[in-house]
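Here is a short briefing on a protein structure. Please look at the sequence and the 3D view, then read on.

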Amino acid sequence: MTADLERISPFAAWLFSFFGVRVPAWIMVLTAVSIYGFFVILPQLAALGYLDRKLGADIQMRIGPNRVGPAGLFQGIADALKLLFKQDARPGSAGMAFRFAPILVLCVLFLAVGSIPVSKDWALSSVDSGLAHLLAALLLSRFFLFWSAYSANNPWSALSAFRILAHVSFYLLPLAVAFLPPVLVSGSIDMGGILSSQGGWPWRWTLFHDPGALIGGLVFFGAMHIWQCRAPFDFTSAESEISGGAWSEYSGARKGLVSVIEFAGLYLSCGLFAVLYLGGGNVPFGLDSFGRAASLVHFTALTIKIFALAAVSIWARWSLPRLCAGQVVSFSWKVLLPFGIVSVLSTALWMALAAGKSFAEALGA
Amino acid sequence: MTRKRYEMGILENALPEYAVFSRLDRLISWARENSIAYLTMDLACCGVEMLQVSGGRFDIERFGSVPQVSPRHADLMIVAGTITYKMAPLLRRLYGEMPLPKYVLSMGSCSNCGGLFSWEYSYSSVSGADKIIPVDVFVPGCPPRPEAVLHGLLALRKRIASRHAAVREEAPGEWGKERAVK
Ligand code: SF4
């Protein structure tokens with residue numbers, strides 16, 4: 001039983017290894033999902049939101065929120081509460097999906113977020129088909145996004161819905177190709193396997209394994225940003241052309257969900273890049289030799305990486321002008337895709353010629 | 001589909017009307033006054049000054065206020081500029097599309113009383129935003145300085161704090177009906 005649970009949800013097994021109680025597996029999984037969602041993921045999303053506002057304000061030479069709590073730390077709480085107590089308006093002509101499609105988007109994104117492993121113990125879900133499952137979740141979330149936009153029955157939302165559909169062809173190929181170098185290097189399609197094949201030092205990360213993987217990493221970060229639909233790639237929800245696009249009809253608590261969805265996307269693109277290419281929660285110096293509490297060290301390491309990457313992403317968001325669809329597609333197909341193919345081929349060649357050694361190992365040998 | 005006109009939030013429909021929670025009241029108004037998203041109605045020259053309020057020098061985001069482009073995301077409508085007869089129905093419509101609770105800040109002489117373009121001088125503009133929608137705060141000036149708009153925002157925050165947030169209010173949308181122009 002426990003062995004099975006460890007295979008499905010290592011986090012649930014880890015959590016209940018502290019208590020000797022015997023409870024049904026579904027209760028364990030449900031508890032683990034709620035604890036992970038509310039105490040691990042949600043605070044990080046809130047912190048990303050705060051970082052976005054403060055860093056964005058700094059880039060525009062403003063101060064940003066500073067009236068609520070110390071340095072405006074509780075601004076997110078005020079925003080969430082306000083949205084909760086606002087009227088939840090629904091256009092009379094909106095379709096049925098208007099109410100539940102954003103929730104579906106969030107569920108699917110949570111599937112993807114939950115499959116990011118912090119360490120061997122701290123992985124909410126471990127799926128054998130790892131990256132394939134992830135790619136499916138990323139795609140499905142965009143489908144539900146299309147659904148929620150189309151059901152609003154509003155010209156701008158409809159335009160945005162069709163842009164979201166077209167958008168799939170922009171990021172899908174480079175993203176799928178850039179998933180491959182870590183698979184080639186680690187010989188595993190499972191996120192846990194990819195994580196454990198890397199080490200704490202930068203030269204043991206996939207990114208610096210060989211020149212091909214380095215290019216692959218950059219392509220992956222770019223493709224994830226196109227997937228994420230945040231500026232400069234936010235032509236699907238451009239407020240100057242289609243006034244908010246997919247979300248222009250959502251108000252009240254559902255508007256709050258929209259922000260959660262946005263920052264879940266940011267978390268996902270930075271977290272995936274950190275785990276696949278930047279060694280995830282692995283730490284050097286054997287800092288993680290504390291038995292079962294070692295996961296806290298891994299968690300800290302991963303969080304630092306995610307927030308450093310998010311700072312880069314936010315920097316790009318606030319300083320680059322929005323690209324139009326044609327520019328995004330030419331960036332994706334003329335830059336990301338060729339470099340992605342080159343990276344896969346050269347990683348494969350490297351693995352064959354250097355017998356699986358990394359660049360640093362080949363130098364040392 | 002029949003909908004209740006005063007549907008304001010999750011809690012209000014769940015509770016009887018006489019239930020007043022003073023602490024909850026305080027909490028909700030705290031959230032409301034610290035997170036006022038505003039719809040930018042820049043209709044004329046005042047609009048440029050309104051955009052300046054969210055810029056680097058005056059930074060309205062310090063108070064948690066951010067500009068929004070969709071009326072569904074907004075709490076406050078800043079009417080900045082001359083309301084022509086052509087624009088007036090759209091203004092009404094956008095006001096109607098904002099979810100409750102909603103506030104209006106009228107900025108500049110034109111939207112306060114018609115100003116340069118009041119009915120004595122102009123054949124084509126509405127003499128004041130309060131002829132078509134209920135206004136919470138008037139900010140005088142032609143155009144008002146951004147500091148004046150920030151002062152208006154602070155006044156609005158006081159106004160929000162003085163209301164009972166946890167009880168139902170009369171829908172302000174009805175108010176304008178009797179005073180519609182012409
Ligand atoms: S009040 Fe003055 S500055 Fe403002 S819109 Fe009217 S004329 Fe322009």
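The points below are grouped by topic.

This is a predicted model, in which local features need pLDDT of at least 70, side-chain atom pairs count only at pLDDT 80 or more, and totals for chains, interfaces and linings use all residues. Residues are numbered from 1 along each chain as its sequence is written, chains are lettered from A and ligands numbered from 1 in the order in which they are written, and side-chain values use heavy atoms, with hydrogens and water left out.

**Chain B layout**

- Chain B has seven helices and five strands. Helices (H or I, at least four residues) and strands (E, at least two) are DSSP runs, numbered from the N terminus.
- Along the sequence, the pattern of chain B reads α-α-β-α-β-β-α-β-α-β-α-α.
- Chain B has 182 residues, and 51% of them count as buried. Buried means under 20% relative accessible area, exposed means over 50%, and partly exposed lies in between (1.4 Å probe, protein chains only).

**Around the ligand**

- Which residues surround the ligand? They are B:Ala44, B:Cys45, B:Cys46, B:Gly81, B:Thr82, B:Gly108, B:Ser109, B:Cys110, B:Leu116, B:Gly141, B:Cys142 and B:Pro143. A residue counts as near a molecule or strand if one of its heavy atoms lies within 4 Å of it.
- By class, the shell has seven nonpolar, five polar and no charged residues. Ala, Val, Leu, Ile, Met, Phe, Trp, Tyr, Cys and Pro count as nonpolar; Asp, Glu, Lys and Arg count as charged; the others, Gly among them, count as polar.
- B:Cys46, one of the shell residues, is buried, at 8% relative accessible area.
- B:Pro143 sits in the loop between β5 (137-139) and α6 (146-161) of chain B.

**Cysteines**

- How many disulfides does the structure hold over all chains? The count is zero. A disulfide here is a pair of cysteine sulfur atoms within 2.5 Å.
- A:Cys229 has its closest cysteine sulfur in A:Cys270, 15 Å away, so the two are too far apart for a bond.
- A:Cys229 is buried, with a relative accessible area of 11%.

**Salt bridges**

- The count over all chains comes to 17 salt bridges. A salt bridge is a side-chain nitrogen of Lys or Arg within 4 Å of a carboxyl oxygen of Asp or Glu.
- A:Arg317 and A:Asp52 meet in a salt bridge, at 3.0 Å from N to O. The pair links distant parts of the chain: A:Arg317 is in helix α13 (residues 294-319), A:Asp52 is in helix α3, and they are 265 residues apart.
- A:Arg317 is partly exposed at 24% relative accessibility, whereas A:Asp52 is buried at 5%.
- A:Arg53 forms a salt bridge with A:Asp79, with the closest N and O atoms 2.8 Å apart. A:Arg53 lies in helix α3 of chain A and A:Asp79 in helix α4 (residues 75-84), 26 residues apart. A:Arg53 and A:Asp79 are buried.
- B:Arg145 forms a salt bridge with B:Glu147, with the closest N and O atoms 3.3 Å apart. B:Arg145 is partly exposed at 48%, and B:Glu147 is partly exposed at 41%.
- Salt bridges that share partners join A:Arg53, A:Arg62, A:Asp79, B:Asp59 and B:Glu61 into one network.

**Backbone details**

- The peptide bond from B:Leu100 to B:Pro101 is cis, with omega near -10°. B:Pro101 is in the loop between α4 (88-97) and β4 (103-107) of chain B.
- A:Met61 is not a glycine, but its phi is positive, near 55°. A:Met61 lies in the loop between α3 and α4 of chain A. Is A:Met61 buried or exposed? At 70% relative accessibility, A:Met61 counts as exposed.
- A:Asn153 is not a glycine either, and has a positive phi of about 55°. A:Asn153 is in the loop between α6 (130-151) and α7 (155-178) of chain A, and is partly exposed at 48% relative accessibility.
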